[in-house]
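Hi,

Here is the structure I promised to pass on.

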Amino acid sequence: MKEPYGKTADGREVFLYTLKNSKGCVMKVTNYGGIVTHLLVPDKSGRMGDVVLGYDKLADYIKATPYFGCIVGRYGNRIAKGKFKLNGREYTLAVNNGENALHGGLKGFDKAVWNATEKKTGRGLALELTYVSKDMEEGYPGTLSCKVTYTWSDDNEFIIEYEATTDKDTVVNLTQHSYFNLAGAGERDILDHEVMIVADRFTPVDKGLIPTGELRPVRGTPFDFTSPARIGARINQDDEQLKFGGGYDHNWVLNSSDGKLSLSARVTEESSGRVMELLTTEPGLQFYVGNFLDGSNIGKGGKAYKHRYGFCMETQHFPDSPNQSAFPSTVLKPGQVYRQTTVYRFMTK
Ligand code: GLA
């Protein structure tokens, strides 16, 4: 189902799509930024709750958003000093995060109006989103043709399939930036959520959150989520990496690196009994726990999103890969197809 959702500043009409699966669970998506605005899943007693942070109106997303629910591109996460070299040529990007480039620039894919087509697949209702990013848009070379398909399956799986092609060598690192709170958006912070991440290493950062290049074992550190742990259990420990991030805001090096869809994380929220499993084909997971939220974003139903009221699990290649030759490459060449599949699967225990 499709309904008008308003207009952008330059007068482009935007829509809100409702995908309701056979279990009666609803996902709402707008083609402005590919933003997932609502995701309703049951708790242990069958009561529906909205587990993603977001706004009631398009105008609020246009005004100011810390990337609630959107598609991030052309390059998710940070590129040091907004510069990278490709085939001997240096490219300069807008610096929009301290001295670094973040999330694709001043007008990234999160602010683009995507073309949307409603589909029905064997797994459920889907929305196919396409966007063509022009050569040198936000400083990136090559015309990048992107297709992102959201499927809301009858098994309460939010399946995201990404595809992109280019006409010149470029770099690409797409991700999805939903903020989750399994206790319900706007209810409370996420510190009691229990998290497991299938990663023995993470990429430590400098104070601007650029990876140092090291792949550091998590064992014996507050970054060890190989066994389930509460987000809040170690977040205030005296640890340099936690200080740089203001909490968790780091890339975990997922153990599965063969590009196959693998279980990469599981999150459990005791009071609601909700569980979210994350599967991805990507090598990295940026786990960010809403450290920058401060109550100034007034979300759905007038609820203020305070410090750590949501967490993100952004599946991606590692930050700053264009400048780190030892990291898995984010270069895309003509004739190649960038592909990623990520699944957020919801259930109760
Ligand atoms: C990512 C970054 C964070 C922050 C958020 C958006 O998760 O890693 O540092 O910028 O996006 O607020």
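Predicted model: local features only at pLDDT ≥ 70, side-chain atom pairs only at ≥ 80, totals over all residues.

First, a definition for the accessibility values: buried means under 20% relative accessible area, exposed means over 50%, and partly exposed is anything in between, with a 1.4 Å probe and protein chains only as cover. By that scale lysine 333 is partly exposed, because its relative accessibility is 37%.

Residues are numbered from 1 along each chain as its sequence is written, and side-chain values use heavy atoms, with hydrogens and water left out.

**The sheet**

Strands and helices here are DSSP runs numbered from the N terminus (E, at least two residues, for strands; H or I, at least four, for helices). Two strands count as paired if DSSP finds at least two bridges between them. On that basis there is an open sheet of 9 strands with antiparallel pairing, in the order S11-S12-S13-S14-S27-S23-S22-S17-S20. Strand S11 (115–121) and strand S20 (229–230) stand at the edges with a single partner strand each, so one side of each has no neighbour in the sheet.

Which strands does S27 pair with? Strand S14 (residues 157–166) pairs with S27 (residues 338–348) over 8 antiparallel bridges, and tyrosine 162 sits opposite glutamine 340 in S27. Strand S23 (residues 274–280) also pairs with S27 in the antiparallel sense, over 7 bridges; here valine 275 has methionine 347 as its bridge partner. Out at S20, 2 bridges connect that strand to S17 (residues 194–197), again antiparallel, with glutamate 194 opposite arginine 230.

There is also a hairpin to look at: S8 and S9 have 2 residues between them, and asparagine 87 in the turn has a positive phi of about 50 degrees. Strand S8 (residues 83–86) and strand S9 (residues 89–92) run antiparallel and are joined by 4 bridges, with lysine 83 opposite threonine 92.

**The ligand**

The residues around the ligand are Pro66, Tyr67, Arg78, Leu102, His103, His177, Tyr179, Asp249, Gln286, Tyr288, Phe292 and Glu314. By class that shell has 6 nonpolar, 3 polar and 3 charged residues (Ala, Val, Leu, Ile, Met, Phe, Trp, Tyr, Cys and Pro count as nonpolar, Asp, Glu, Lys and Arg as charged, and the others, Gly among them, as polar).

A polar side-chain atom of arginine 78 is 2.6 Å from a ligand oxygen atom. For histidine 103, a polar side-chain atom lies 2.9 Å from an oxygen atom of the ligand, and for histidine 177 the distance from such an atom to a ligand oxygen is 2.9 Å. Taken alone the ligand exposes 300 Å², and the protein buries 95% of that (areas by the Shrake-Rupley method with a 1.4 Å probe).

**Salt bridges**

A salt bridge here is a side-chain nitrogen of Lys or Arg within 4 Å of a carboxyl oxygen of Asp or Glu. The whole structure has 21 of these salt bridges.

Glutamate 157 pairs with arginine 345, with the closest N and O atoms 3.5 Å apart. That pair links distant parts of the chain, since the two lie 188 residues apart, glutamate 157 in strand S14 and arginine 345 in strand S27.

Lysine 333 lies in the loop between strand S26 (331–332) and S27, and aspartate 169 in the loop between S14 and strand S15 (170–171), so the pair ties together parts 164 residues apart in sequence.

Arginine 230 forms a salt bridge with aspartate 192, at 3.1 Å between the closest N and O atoms.

Cheers

Technical notes. Near = heavy atom within 4 Å. Polar contact = N/O pair within 3.5 Å; in protein donor to acceptor, adjacent residues only side chain to side chain.
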